[in-house]
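Dear colleague,

I am handing over the structure we spoke about, and I would be glad if you could read the notes below it with the model open beside you.

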Amino acid sequence: MDIRIQKTTQPKPKPDEHNLGFGRIFTDHMLNIDYSPEKGWHNPRVEPYGPFSLDPSTMVLHYGQGVFEGMKAYRTQKGGIQLFRPRENFRRLNRSCHKLCIPPLDETLAMESLKALLRVDQDWIPSLPGTSLYIRPTIIATDPFLGVHASRTYRYYVILCPVGAYYAEGFNPVKILVTKDHVRAVRGGVGDTKTMANYAASLYAGEAAEHEGYTQVLWLDGVEQKYIEEVGSMNIFFVINGELVTPALNGSILPGITRDSVLSLTRSWGLPVSEKRISMDEVLKAHASGQLQEVFGTGTAAVISPVGELKYGDQILAISDGKVGPLSNRLFDTMQKIQYGEMEGPEGWVEEVR
Ligand code: COI
């Protein structure tokens, strides 16, 4: 399929790479593709970045029928551009589409159109260590209709955002509140899907945590509020007595691509790893007996984020003396080297954009 390219006549000044933050600065162009039952996904085009005009009755604005992804493009030392496991993102996007009754997007079209957009905006990919170009592919339901029903028409779009670290803390330990009062998702629902509703559902508890001085919320299972699930913007890992432990994917946890990469790397180093149901009680006991050595989160935006403190009710658990643990460090270092092309990763993890 031909990808039409219309370049902006008013390019924006490039930002200072030392102060990118996360999610506030957008590049000059975006990608748009439309869907109708008659034409399927059609009219892929790279256009100047700008607002959409949407009818106030547009379905996504009312019932949240929409899905998205998060991925990154990295500038290598040699000046090249590479993506990290992008095909996994497009596979997950289609799994999310399936759950939200959205027609799947051809993965080759998704890949080729993303590369076309990146080629146009390649000068926006920052090169300072720790920076990258965050990519946000999104699909929204566009029928103007107030009946609760799957839309007939959709818009796929991709926007790009030069970024530094996701958390203000950078690669330093964050403080996380384990919520007893709220739940994020239940099995059989959409917790394992990258859809807007999961993030909307997390805001109330997130604000409450922030008021107490915590960066994020750690969610427990939605039924018994006993078992660890995820952080909402990250999956969560524990090092207990030398073993790397993370909750098994159970239908309400997002199957993170960074999560999967961390599991693969740690297994390839011959370290003990287990994906299993893990209760908050086990974490408390491990901490009390001095066996809880490290806690860290993983995500595309956050990469590896060490956790320095967990609060559960009135119990405060200090982790790794508030420092970055050795496995967190090794994983962060290895992931970064692979992502920036300084080290070869497992086959197929890196895809160059030429
Ligand atoms: C990501 O890590 O890419 C995410 O989508 C999480 C968050 C920024 C919502």
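What follows concerns a pair of helices and then the cysteines.

This is a predicted model, in which local features need pLDDT of at least 70 and side-chain atom pairs count only at pLDDT 80 or more, while totals for chains, interfaces and linings use all residues. Residues are numbered from 1 along each chain as its sequence is written, and side-chain values use heavy atoms, with hydrogens and water left out.

Helices here are DSSP runs (H or I, at least four residues) numbered from the N terminus. The axes of α6 (residues 257–268) and α8 (residues 326–339) come within 11 Å and cross at roughly 110°, the axes being lines fitted to C-alpha atoms over the stretch in contact, with angles from 0 to 180 degrees between N-to-C directions. The two helices are therefore roughly perpendicular, a term that covers 65 to 115 degrees. Where they meet, with contact taken as heavy atoms within 4.5 Å, T258, S261, V262, L265 and T266 of α6 face L327, L331, T334, M335 and I338 of α8.

Just after α8, G341 takes a positive phi of about 75°.

As for the cysteines, the structure holds 0 disulfides, a disulfide being a pair of cysteine sulfur atoms within 2.5 Å. For C101, the nearest cysteine sulfur, that of C97, is 10 Å away. C101 counts as exposed (over 50%) at 52% relative accessibility, whereas C161, at 3%, counts as buried.

Notes
Parallel < 35°, antiparallel > 145°, perpendicular 65-115°, else oblique. Buried < 20%, exposed > 50% of the residue type's maximum accessible area, 1.4 Å probe, protein only.
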